[in-house]
Structures are given as C-alpha cells and as structure tokens.
Amino acid sequence: MSTTESRVTTSGPTDPAKAAPDQAVKETLEDYTLRFAPRSYRRWSPMVVATTALGGIAYMADFSIGAGIGLAHGTGNALVAIAVAAVVIFVTGFPLAYYGARYNIDLDLITRGSGFGYYGSVLTSVIFASFTFIFFALEGSIMAQGLKLGLGLPLWLGYLVSTLMVIPLVIYGMKALSKLQVWTTPIWLILMVAPLVYLIANDPGTVDRFLSYAGTDGEGGVNTASVLLGAGVCLSLIAQIGEQIDYLRFMPPKTEQNKRGWWTAVVMAGPGWVVLGALKQAIGVFLAVYILAEVGAAAAPEPIQQFRSAFDAMMPSWMVVPLAVALVVISQIKINVTNAYSGSLAWTNSFTRVTKHYPGRMIFVLVNLAFALALMEADMFSFLNSILGFYSNCAIAWVVTVATDIGINKYVLKLSPLQPEFRRGMLHAVNPVGVVSFVAASGLSIAMYFHGLGDALQPYSPVAAAVIAFVLTPLMAVVTKGRYYLRRSGDGISEPLLDADGNPSALTLDCHVCHQSYERPDVTACATHDAVVCSLCLSTDKVGDHVLPASA
C-alpha cells in the first residue's frame with residue numbers, strides 16, 4: 001500500500017486546544033507521552049537539552065550512598081566500588097543514550113525493539129517505574145530531614161510536604177522542566193562545591209583522614225567482597241539513564257553542522273551523568289568521615305548533616321542551617337520533578353498497552369507519589385543500602401540486556417533491526433531474546449543476593465546479573481535467528497522513515513482515527529482503510545481493527 005497525496009500535509013501537528021481532540025490525544029501532544037517526539041516540537045538546542053537532563057541528577061542520594069558504603073567498608077573499598085560501578089554505567093548507558101537522542105524515543109520504546117517485544121517490555125517499564133518512586137522516596141526523606149532541622153517539622157509531615165510540592169511542577173512536562181533545571185543548576189553547583197573546596201583548602205588534614213579511614217569492619221585494605229557489595233549499591237543507579245533519555249529524546253536532528261555539539265550533549269547528559277554522580281558519591285564519603293567526630297556516625301549518612309557541618313566551618317552560624325536546607329530543598333525539587341515525570345510515563349505506558357486504555361498521565365503521577373510516600377512513612381532511609389542492593393539486580397539485568405542487544409545483536413551479529421521499532425503491529429508481542437535474558441539474569445542474581453546460592457557468592461550478585469545478561473542476549477538472538485524482532489518487514493507506507501542525514505523524517509501524515517497530524521515515524525498504514533493511524537490510536541485499539549497483519 002502506498003501513501004496518497006491526500007494523506008500528506010506540510011504543516012506541523014495541529015494545535016490541540018483549537019482542534020479539541022480526544023483527551024488522550026490532547027495530553028500526549030502536550031509532551032508526546034508514549035510517543036516518538038517529533039521534530040516540530042524539538043526546538044531546544046543540544047546544550048539546553050543537556051543542561052536540563054543534567055539538572056535532573058542534582059539528587060542528594062549520591063551523598064548518602066557514598067557515605068553508607070564508606071562507613072561500612074572504608075574509603076579505599078568505597079572509591080574502587082564507585083569507580084567500578086561508574087564504568088559499567090557509562091559503558092551500558094552510551095548505546096541507550098545514542099538511540100534515545102538519535103531516534104527521539106524514550107527507553108521503553110527503545111526496549112520494545114531491542115529484544116523485548118511490544119508487551120514484553122511491560123516488565124521493564126514496571127522496573128523503571130519502581131526506580132522512580134524508590135528514588136523519589138529517598139530524596140523526599142532527605143528533604144524531610146532538612147525541613148526537620150530547619151523548620152522543626154516532624155518527619156511524617158516533611159514526607160508529605162516533599163511529596164505534594166512537586167505536583168504543580170510536573171504537570172507541564174519538558175517545557176516547564178527545562179526552565180526549572182536551567183535556572184536552578186548554577187545555584188545548586190555553588191552550594192555543593194563551595195564547602196568542599198573550603199574544607200580542603202583550610203584543613204588539608206581532612207584529606208589524609210579521608211584516605212586512611214578503614215570503615216566499621218576495621219580492615220582498611222581493599223578486598224573484592226567489599227568492593228562488589230559497594231558497587232552493587234551504586235549500580236542501583238544504572239536505571240537513571242532512563243530519566244536522562246526522557247530529556248534526550250528532545251534532541252534536535254543530528255546534522256553535519258551541529259554534530260560536534262550534538263555528540264557532546266549526548267555523551268555529557270547521557271552516560272556522562274555518572275561522572276558527576278560518582279564525584280558526589282566520593283564527596284559523600286569525604287563528608288561522612290569529616291563529621292564522624294562532630295555529629296556522630298548515626299548522622300553521617302544524612303546529607304543535611306553533612307552540609308550543615310561543612311557550612312559551619314566556613315560561615316557565620318546564623319547562615320549555616322538556612323543554606324544547608326536551601327541546598328537540600330533545591331536538590332529535592334530538581335530530581336523529584338524528574339522522578340514524578342518519568343515514573344508517570346512508565347506507568348502510563350504499561351497500563352495503556354495492557355488495557356488498551358489511556359487514563360491520563362496525571363493519574364499515574366499521583367500513583368507514583370503514593371508509592372513513594374508509603375516508602376517514606378515506612379522509614380526506607382534506615383535500610384537504604386538493602387533496598388538499593390536488591391533493586392540493582394533487576395536494573396542491571398534490564399539495562400545490560402538492552403545495551404547488549406544494541407551493541408552486539410544490532411551492530412555485530414546483525415540479527416536485531418538496526419533502527420528501533422516501537423509501533424504495535426510491527427513487533428511481536430514477546431521477544432524471547434530480551435525477556436529470557438532479563439528474567440534469567442535478574443532471577444539468578446536475586447537468588448544470590450538473598451544467599452540462595454551460599455554466603456560466599458552473595459556479594460557477586462550484581463556481577464552475575466551483568467554477565468548473565470551480556471552472555472544470554474546474543475546467545476538467544478543466535479538460537480532464535482532473530483525471528484522474533486519484527487512481526488512485519490514494512491509498515492505499508494512508501495515514504496522513508498529517515499531523511500538524508502539519517503534522522504527521523506519530518507514528513508507529516510494525518511491519522512484518520514484522531515484526525516491529528518504526526519510525523520512519519522509515529523504512524524503506520526491502517527489495516528482497514530486507505531489511510532494511516534498513529535501509534536497511540538494503535539495502542540488503544542481494543543479490537544485490533546487498525547493493526548496490520550503479520551507478514552510472511
């Protein structure tokens with residue numbers, strides 16, 4: 001079937017407010033929820049997108065994670081663990097970030113076409129949604145600690161305040177978040193870096209104490225078990241690449257003129273986020289060691305106490321608490337609007353595919369916040385490392401599986417389609433390549449984490465998750481001969497998906513179901529009409545009238 005002239009338009013997407021379309025269409029057009037992000041919407045420069053994406057990693061959890069590892073295993077083990085985790089996160093995050101920025105789709109849409117299938121990636125959407133509310137709860141707990149110190153609010157009330165305050169900010173998607181992140185990042189950087197520089201410059205002995213700290217086990221030396229246990233906690237952050245891609249999908253097209261800035265932005269805001277993350281974890285170890293004698297070990301993992309002590313050394317006492325609280329509040333707002341936003345996308349994506357009904361993203365903003373508030377009220381901060389250590393096994397298995405499918409199955413074995421596919425009808429429901437690899441890797445590593453294979457192997461659970469996923473993903477592709485990636489070889493439209501530069505085409509076509517205009521990658525031919533249908537209308541087609549049949 002070829003595209004007729006009557007279906008091709010030259011205008012951008014119809015203004016939702018003027019067209020008064022269906023509620024699902026109106027809301028997804030606000031920020032292209034669940035969709036390919038069209039060129040007509042992507043008007044930000046690479047550096048603005050990168051700054052917005054990096055603003056989302058202003059969380060304080062890194063300081064707590066680093067402090068917890070350092071206090072338990074000593075500085076040497078903590079720094080090696082942080083470095084090991086950072087290398088793994090960078091290597092696995094690079095192909096995912098590239099695909100998100102190049103093809104303008106989020107990590108769930110990438111996952112569908114990278115080994116999991118249309119319904120198979122529901123598993124990983126739930127994993128990612130869990131990541132967002134776990135880290136929302138962690139950041140909310142840190143903010144509540146700050147509000148208790150600065151305003152005397154009880155923790156339960158601080159949890160509630162930190163949850164409710166992000167709702168007005170997360171409603172408007174990328175347009176509002178880009179402004180928030182760009183304007184608050186310089187303030188956050190100054191407040192974070194200034195006390196560290198002051199402490200080192202005025203008391204060089206703090207560096208010696210930091211480097212020689214042996215940890216509560218008292219051994220001091222670097223050993224494999226301690227490094228891997230620490231790295232497992234750090235690797236719980238591997239799913240952060242999903243939140244980075246929620247911003248990177250709005251990158252402008254890559255051209256010969258902008259390729260240097262484009263690549264810089266993608267690397268910096270994609271896998272490069274972990275460089276700043278690792279530095280914050282190391283700073284967390286430093287500050288925890290610094291305040292051990294001043295506040296006590298119980299308070300050392302709390303960022304509000306870490307920065308309170310650091311500010312106390314460099315400024316008048318009346319400024320200390322307000323500045324420490326300001327840093328914590330700014331950080332919490334910057335990351336938790338991202339957590340709420342990305343989590344709502346993940347939940348909505350899963351729900352829409354399974355039920356074929358789009359309930360509205362705001363419902364799942366509230367669902368995600370409810371999960372996070374429950375974790376906060378259950379005092380998750382007190383058993384932080386246990387939660388993150390368990391969660392990291394699932395996150396590692398997922399991200400390594402997708403990264404391996406892109407890097408090995410697509411580019412080396414050439415058994416996986418090079419261009420990611422996400423549209424219903426084009427993909428098989430489940431692809432055993434990714435699903436089997438993910439389930440096996442996460443299942444076995446979780447069993448190891450809970451001592452199911454003996455105490456000696458327990459620290460190696462994150463290594464097992466990564467290795468099993470890395471080995472099984474290409475093995476499954478070879479065994480299945482790549483048969484379960486594409487259900488169809490073509491989408492029934494003659495116009496090419498990519499332009500001359502290899503970017504998604506900007507050609508617009510009218511969906512005959514919702515009567516909106518969408519760019520070429522977001523539509524397929526309709527099974528029952530000589531017309532095209534958009535990806536969301538395909539997702540919500542309960543009887544499958546518009547879904548193209550499988551091709552031989």
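This is a predicted model: local features need pLDDT of at least 70, side-chain atom pairs count only at pLDDT 80 or more; totals for chains, interfaces and linings use all residues.
Residues are numbered from 1 along each chain as its sequence is written, and side-chain values use heavy atoms, with hydrogens and water left out.

The chain has 22 helices and five strands, taken as DSSP runs numbered from the N terminus (helices H or I, at least four residues; strands E, at least two). Of its 552 residues, 59% are buried (under 20% relative accessible area, with exposed over 50% and partly exposed in between; 1.4 Å probe, protein chains only).

The whole structure holds 21 aromatic pairs (rings of Phe, Tyr and Trp, the last by its six-membered ring, with centres within 6.5 Å; planes under 30 degrees apart are stacked, over 60 edge-to-face, the rest tilted). Tyr 99 and Tyr 103 form a tilted pair, because their ring centres are 5.1 Å apart and their planes lie at 55°.

Ser 344 lies in helix 17 (residues 317–355). Beyond its neighbours within four places in sequence, Ser 344 is in contact with Arg 361, Phe 364 and Val 365 (heavy atoms within 4.5 Å). Relative accessible areas are listed below.

| Residue | Relative accessible area | State |
|---|---|---|
| Tyr 99 | 0% | buried |
| Tyr 103 | 10% | buried |
| Ser 344 | 0% | buried |
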